[in-house]
Amino acid sequence: MPVLLRPAAVFDGRDLHQGWAVLVENDKITAAGPAAQVTLPAGGRTMELPGLTLMPGLIEGHAHLLLHPYNETPWNDQVLLESHALRVARGTVHAQRTLLAGFTTARDLGSEGAGYADVGLKQAIDQGIIPGPRLLVATLALVATGSYGPKLATDIDVPQGAQEADGVDGIVRAVREQIGKGADLIKVYADYRWGPNGTAQPTFSQEELTLIVQTARSAGRGVVAHASTVEGMRRATLAGVETIEHGDDGNAEIFKLMKQRGVALCPTVAAGDAIAQYRGWKKGQDPQPPRIKQKHTSMQAALKAGVTLAMGGDVGVFTHGDNAREMEQLVQDFGLTPLQVLRQATSGNAQIFHLADRGSVRPGLLADLVAVTGDPTQDETAVRQVRLVMKGGVLYKQP
Ligand SMILES: [Zn+2]
């Protein structure tokens with residue numbers, strides 16, 4: 001049945017329009033514009049949404065549906081002590097919370113030891129078995145041998161949080177295995193904390209990273225890189241990854257290179273903030289820990305260089321459904337405007353992730369729509385006031 005949505009205003013992915021209406025038929029948006037120009041076909045119904053702003057379903061850029069907050073259970077213990085069945089059971093709840101928070105799409109960047117369970121979660125959502133966002137899944141993720149964790153005594157080999165692969169043959173094989181099992185994209189750790197005294201150091205060589213990108217691209221998949229060091233970010237950028245996750249130690253030079261090569265930064269400020277607080281930082285009372293200070297320095301450099309920003313918080317490190325935390329912190333702690341952040345979370349992420357069928361309110365696009373109280377283009381906290389969630393024309397929440 002056609003549905004005519006009549007909110008107070010529509011944010012179309014770019015700008016706010018007062019007095020617009022949006023028509024949904026089946027799973028698509030078929031009209032959007034001034035209310036007087038959008039007419040309801042016979043047999044349809046009207047939903048009045050007074051006081052609400054209707055906008056595209058939000059897109060989470062960096063999630064781990066198979067993790068839960070590290071202050072509940074440390075990452076090592078989740079990987080080593082929790083069964084896949086337990087982790088999947090949690091994952092179904094995480095998926096539902098994500099959707100009801102207004103995030104109708106999420107990039108899930110690694111199952112962190114839970115095998116290909118992300119592919120199964122995606123199938124369960126797509127088949128309508130459980131509610132959840134549309135997923136882009138990375139599956140196992142790739143790490144260089146010896147670089148990742150968990151690490152126990154040297155005598156004991158334990159399952160790792162990602163797939164180890166090295167060298168030409170090993171890398172080509174691992175990328176193809178992951179794609180064959182259902183990876184929508186490949187995630188690679190370009191550096192990790194395996195340096196002297198646990199410092200972050202590059203992992204894969206330039207040649208290996210370039211080969212990962214070439215192998216994935218030939219199968220129509222993009223690559224995203226975890227990287228925080230300048231050298232890791234440089235190699236990943238030169239290899240041709242699409243986004244760099246975290247980028248905490250980035251400087252003016254590397255952000256300039258990313259800008260030149262069209263590589264976006266997904267800064268995950270909320271994860272760093274959460275981890276610092278798990279380690280005892282009392283935000284607002286204590287002085288900023290060095291890692292947080294450094295994040296402010298690097299974000300300043302990224303903003304100055306004009307690097308494209310993706311919106312993704314590394315949710316899973318903190319509570320699923322609290323995805324808006326990243327958006328709020330980008331405004332409150334890093335000086336972006338609510339409008340900038342809202343564009344990133346909708347049309348911006350859609351463009352970076354090659355999702356031409358969503359991220360805007362426009363005829364022909366998927367009817368992934370969210371309505372919130374107030375004006376999220378002026379007030380970053382409004383994205384938490386979710387009153388309506390529609391995905392593919394199906395209502396999951398309504399006033
Ligand atoms: Zn992550």
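Trainee: Let's start with T139: does it count as buried or exposed?

Mentor: T139 counts as buried, because it has 28 C-beta neighbours inside 10 Å. (Buried means 20 or more other C-beta atoms within 10 Å of a residue's own, exposed 12 or fewer, partly exposed in between, with C-beta atoms placed from the backbone.) Bear in mind that this is a predicted model, where local features need pLDDT of at least 70 and side-chain atom pairs count only at pLDDT 80 or more, while totals for chains, interfaces and linings use all residues. Residues are numbered from 1 along each chain as its sequence is written.

Trainee: Where does T139 lie, and what is its phi?

Mentor: T139 lies in the loop between β8 (134–137) and β9, and its phi is near 60 degrees, a positive value in a residue other than glycine. (Helices, H or I of at least four residues, and strands, E of at least two, are DSSP runs numbered from the N terminus.) D314 also has a positive phi, near 65 degrees, and sits in the loop between α9 (290–305) and α10 (324–332). D314 counts as buried because 26 C-beta neighbours lie inside 10 Å.

Trainee: Which peptide bond is cis?

Mentor: The one joining G149 and P150, with omega about 0 degrees. P150 is in the loop between β9 and β10 (163–164).

Trainee: Which residues of α5 are buried?

Mentor: E208, L209, I212, V213, T215 and A216. They share one side of α5 because their arc around the axis (taken from the directions from the helix axis to the C-beta atoms) is only 165 degrees. After α5 comes G220, with a positive phi near 80 degrees.
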